[in-house]
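Dear colleague,

Please look through the sequence and the model below before you read my notes.

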Amino acid sequence: MTAQYPRSFSHIGISVPDLEAAVKFYSEVLGWYVIMAPTKIEEDDSDIGQMCTDVFGAKWNSFRIAHLSTGDRIGVELFEFPNNERPDNNLEYWKTGTFHFCVQDPDVEGLVEKIIAHGGKQRMPIRYYYPGEKPYRMVYVEDPFGNVFEIYSHSYELTYSAGAY
């Protein structure tokens, strides 16, 4: 039997309606590095074209993509597909699949203000995980494109190492 070990997180793909606006938001608000500027990918016989057909099926035609990187070297692929649809304001948390990602910043309040100033939304009040005991805070926010994400003040390990709620 092969030994089990935790795999590293490599990247996440986020669909947006306006690639340039999303690159600007994520690089200016979250400070993510742009490692590949917006680029058009077309359905063809190239390696990337064939790879996308494997994922999307035939007749996907084209899309635009940009690559960013977080401060801890996690990749962020921003996709702009033709005829994209913005999600409604209801977070469909009961549906299976990814419904948020999380970033960490000790200045939760300051980052929320910056997100709002750049067209995003605060979806809830900032909450403490262990009120009166530890300064661990969290909040759900939304980018200007309808993507929901969370902000933690402390690392995931520290937040949950105390056990249960």
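This is a predicted model: local features need pLDDT of at least 70, side-chain atom pairs count only at pLDDT 80 or more; totals for chains, interfaces and linings use all residues.

Residues are numbered from 1 along each chain as its sequence is written, and side-chain values use heavy atoms, with hydrogens and water left out.

Helices (H or I, at least four residues) and strands (E, at least two) are DSSP runs that are numbered from the N terminus. Strand 4, which spans residues 75–80, is mostly covered, since 6 of its 6 residues are buried (under 20% relative accessible area, with exposed meaning over 50% and partly exposed lying in between, for a 1.4 Å probe and protein chains only). In a regular strand the side chains alternate between the two faces of the sheet. In strand 4, Gly-75, Glu-77 and Phe-79 point one way and Val-76, Leu-78 and Glu-80 the other, and all are buried.

Strand 4 has partners on record here in both senses of pairing, where two strands pair if DSSP finds at least two bridges between them. Strand 1 (residues 11–15) runs parallel to strand 4 and is joined to it by 5 bridges, with Gly-13 opposite Glu-77. Strand 3 (residues 62–69) runs antiparallel to strand 4, with 6 bridges between them, and here Arg-64 stands opposite Glu-80. The hairpin of strand 3 and strand 4 has 5 residues between the strands, and Arg-73 in this hairpin takes a positive phi near 70°.

Strand 9 (residues 148–152) is also mostly covered, with 5 of its 5 residues buried. Val-148, Glu-150 and Tyr-152 lie on one side of strand 9, and Phe-149 and Ile-151 on the other. Strand 5 (residues 101–104) is joined to strand 9 by 4 bridges in a parallel arrangement, and Phe-101 has Phe-149 as its bridge partner. Strand 8 (residues 137–142) pairs with strand 9 in the antiparallel sense over 5 bridges, with Glu-142 opposite Val-148. Strand 8 and strand 9 form a hairpin with 5 residues between them, and Gly-146 in the turn has a positive phi of about 95°.

Finally, Trp-94, which sits in the loop between strand 4 and strand 5, is exposed, with a relative accessible area of 54%.

With kind regards
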